[in-house]
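These notebook entries record what I looked up, entry by entry. The model itself comes before the entries.

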There are 2 protein chains.
Amino acid sequence: MNRLCTLTAPKGRPREFDLDDALAGALRVFWRNGYEGASMAELTAEMKITKPSLYAAFGNKEALFHKALDLYEREKLAYMTYALDAPTARAVAENLLRGALQMQSSTCDPKGCLSVISSVACSPEAEPIKAEVAKRRASSQAALIRRFDEAKAAGEFPEGLESDALMRYLFAIMQGLTIQSGSGATCAELNQLVETAMSVWPTK
Amino acid sequence: MNRLCTLTAPKGRPREFDLDDALAGALRVFWRNGYEGASMAELTAEMKITKPSLYAAFGNKEALFHKALDLYEREKLAYMTYALDAPTARAVAENLLRGALQMQSSTCDPKGCLSVISSVACSPEAEPIKAEVAKRRASSQAALIRRFDEAKAAGEFPEGLESDALMRYLFAIMQGLTIQSGSGATCAELNQLVETAMSVWPTK
DNA sequence: GCCTATTCATACCGTTCGGTATATAGTGAG
DNA sequence: CTCACTATATACCGAACGGTATGAATAGGC
């Protein structure tokens, strides 16, 4: 039933575009305009394919967004995973802040955070998008809490400071960073924000 | 030329709805859905007027948004002005954070920040909206920088900390707070965020 | 060559978008 | 009452929305 060798050419006319290239184009559009702000016309233009090709290859707009979000997390949010490997909570925070800063400093990618852009403003019919983004964010937050729990157990935290509180605080700064980046802040200003956040980072 | 007494009834058929009530309804819709996510159908439904009445009274969708934004800043962001009267930079920051927290704790208003919601995600044709929000935010930020300059001159700041850096940092936390509020954080969690931010607030 | 399967390009679907023409209803001025 | 003026309600506008039917084009299997 299942095809064992997927390298053999499938039966019909071969697809004339590259799936990954097209998905990268879709990601750019969603990133620039958010889920609802991205129109099929702009998507197909940037993906350099026609609408029927898009629907055949990706399903529909929502399914395309999910795949673009997968790509985004895999390629652009990878630093979030690596950041957790740092030896101290402070180093984890610095990795996260500098990772976010570096991403917002890219000259070829859109500004702001795809997740925030696509979930912060949505009309009623885009609630599923908001829910999906919230679900993924929750798993990132849970991972950071677990890492901070380790740090707390290692005696890194001042008294009274809880892991979830610190996670929430750090996420807020990162979210603010992406907001400010999206509304025209310069790299120098964002760097200033990171430096300030690190300069006040709690020590025991 | 100009009518000196505006209290006399104007000539034609009197308007059957209250301008302020209608505008308050529009604000609710823009606040829930953002500028682009708010449709004329939802606006007229919430404002309890018909489309021609809306256009006669407010101009068009963009002009209506501007008036709603005025109302929002006047009624919901008033705490930002009062906050600057506090005696120290730390008290200013606490006023701002607690003001934002209190606003997000309202059970009758939508969650999140209208300005962020309406400017963070917009398709190309909504760029003027983004620019207008950016302009207003810049004036708020300038006011906070001036206030922090006073505090710095009064010797409240640790060495090397600049007013604009601290402003940017504080705004980031407030923006993160509204993002988290809009994506389902509880009042307790937001309060935890404020407490954490205040607990790390820089002292000399 | 022929059949089947898949992609491609065009043209189109019904719905919703922001915005308006038109005709009627309600007011003050004369 | 009539006129001038404004607000109302209905019905409509062209454009853009997300999504698809259709037929030609291109491949493998026989």
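Predicted model: local features only at pLDDT ≥ 70, side-chain atom pairs only at ≥ 80, totals over all residues.

**Entry 1. Terms and conventions.** Residues are numbered from 1 along each chain as its sequence is written, chains are lettered from A and ligands numbered from 1 in the order in which they are written, and side-chain values use heavy atoms, with hydrogens and water left out.

**Entry 2. Chain A overall.** I looked up the secondary structure of chain A and found 10 helices and 0 strands. Along the sequence the pattern reads α-α-α-α-α-α-α-α-α-α. The C-alpha trace of chain A spans about 65 × 45 × 35 Å along its principal axes.

**Entry 3. Surface near DNA strand D.** I counted a residue as near a strand if one of its heavy atoms lies within 4 Å of it. For DNA strand D there are 23 such residues, and the closest are A:Met40, A:Lys51, A:Tyr55, A:Lys61 and B:Glu16. Of the atoms of DNA strand D that come within 4 Å of the protein, sugar and phosphate account for 65%.

Which helix gives the most to the surface near DNA strand D? I found that α3(A) does, with 3 residues. I then sorted the surface by class, with Ala, Val, Leu, Ile, Met, Phe, Trp, Tyr, Cys and Pro as nonpolar, Asp, Glu, Lys and Arg as charged, and the others, Gly among them, as polar. The surface near DNA strand D divides into 9 nonpolar, 6 polar and 8 charged residues.

For polar contacts I used pairs of N or O atoms within 3.5 Å; within protein, one must be able to donate a hydrogen and the other to accept it, and residues adjacent in sequence count only if both atoms are side-chain atoms. A polar side-chain atom of A:Arg13 lies 3.1 Å from a base nitrogen of DNA strand D.

**Entry 4. Surface near DNA strand C.** I repeated the search for DNA strand C. It has 22 residues around it, of which A:Glu16, B:Arg13, B:Met40, B:Lys51 and B:Tyr55 come nearest. Sugar or phosphate supplies 64% of the atoms of DNA strand C within 4 Å of the protein, and bases supply the rest.

At least two residues of this surface come from each of α3 (51-58) of chain A and α3 (51-58) of chain B. The largest share, 3 residues, comes from α3(B). By class, the surface near DNA strand C has 8 nonpolar, 6 polar and 8 charged residues.

- A backbone N or O atom of B:Arg13 lies 2.8 Å from a base nitrogen of DNA strand C.
- A polar side-chain atom of A:Arg15 is 3.2 Å from a phosphate oxygen of DNA strand C.
- A polar backbone atom of B:Ala38 is 3.2 Å from a phosphate oxygen of DNA strand C.

**Entry 5. α9 and α10 in chain A.** I used axes fitted to C-alpha atoms, for helices over the stretch in contact, and angles from 0 to 180 degrees between N-to-C directions. How do the axes of α9 (residues 163-182) and α10 (residues 187-199) of chain A cross, and at roughly what angle? They come within 10 Å and cross at roughly 165 degrees. That makes α9(A) roughly antiparallel to α10(A), since angles under 35 degrees count as roughly parallel, over 145 as roughly antiparallel, 65 to 115 as roughly perpendicular and the rest as oblique.

With contact meaning heavy atoms within 4.5 Å, A:Ile173, A:Leu177, A:Gln180 and A:Ser181 of α9(A) meet A:Leu190, A:Leu193, A:Val194 and A:Ala197 of α10(A). These residues divide into 6 nonpolar, 2 polar and no charged.

**Entry 6. α4 and α8 in chain B.** I found helix α4 (residues 61-75) and helix α8 (residues 127-153) of chain B packed at about 25 degrees, with their axes 11 Å apart. That makes α4(B) roughly parallel to α8(B). The contact residues of α4(B) include B:Phe65 and B:Leu69, and those of α8(B) include B:Ile129 and B:Val133. By class, this contact has 5 nonpolar, 1 polar and 5 charged residues.

Conventions
Helix = DSSP H or I, 4+ residues; strand = E, 2+ residues; numbered from the N terminus.
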